[in-house]
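Thank you for making the time this morning.

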Amino acid sequence: MTTRMTRAEQTERNRDLVLAAARRVFLARGYAGARLDVIAEEAGFSKGVVYSQFAGKAELFLALLEQRIAERAAENEDLAAGRAGLAGLRALLLANAQRSEEGPGWTQLVVEFRVAAARDPELNARYAALHVRALEEFGATVAALLDRGGLVPSYSPRVLAELIFCLDAGRVLERAAGTAQLEVDVVVDLVARLVEPL
């Protein structure tokens, strides 16, 4: 016997399919190159179905970004569980650097979106709210690791998180240009120098 989905279940399923297709298209074509008709086709829907879920490309990207932030926060929390101090911080930074190197397209995509959003105050404010959440979650994970190791950062966890994000994005862009010499061990060493015993 086949069980029919409720309208709400169908809507949620369609949203998930559109988001998955959007992730593939954005990563393949970049933010500027991604078109809603291509995303709809990739998802197996008409453009009308995409518009029934999202107001436009920016709305779709922000939903995808929100999903990505939640995924990364959960991954970081799992990685940090049972770890402490500089060894835990090193493991966290190495895992995040490895994710960026294995999937540099995501970091490049976010940088591209940030540049576009910076020209639109409303869109920029919406992006900034999500970015602050990512920074605060990452900063809280770093602070917990350091606290468990009896260490305290020289700067607030939020500022330390921003520094780590800047270094990570910069490393990805330098790699894309073929000029990278900043190895992740140097980043770990730099961040470790901003930490001291309680």
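Let me begin with the crossing of H8 and H9, which is right-handed, meaning that the near helix is turned clockwise from the far one by less than a right angle. This is a predicted model, in which local features need pLDDT of at least 70 and side-chain atom pairs count only at pLDDT 80 or more, while totals for chains, interfaces and linings use all residues. Residues are numbered from 1 along each chain as its sequence is written, and side-chain values use heavy atoms, with hydrogens and water left out.

The axes of H8 (residues 157–177) and H9 (residues 184–192), lines fitted to C-alpha atoms over the stretch in contact, come within 11 Å and cross at roughly 165 degrees. That makes H8 roughly antiparallel to H9, a term for angles over 145 degrees. In contact, which means heavy atoms within 4.5 Å, Leu 160, Ile 164, Leu 167 and Arg 171 of H8 meet Val 184, Val 187 and Val 191 of H9.

Among the buried residues of H7 (under 20% relative accessible area) are Tyr 127, His 131, Phe 138 and Gly 139. Just after H7, Gly 150 takes a positive phi of about 70 degrees.

Glu 75 and Pro 157 are 82 residues apart in sequence and, C-alpha to C-alpha, 18 Å apart in space.

Conventions
Axes fitted to C-alpha atoms, helices over the stretch in contact; angles between N-to-C directions. Helix = DSSP H or I, 4+ residues; strand = E, 2+ residues; numbered from the N terminus. Parallel < 35°, antiparallel > 145°, perpendicular 65-115°, else oblique. Buried < 20%, exposed > 50% of the residue type's maximum accessible area, 1.4 Å probe, protein only.
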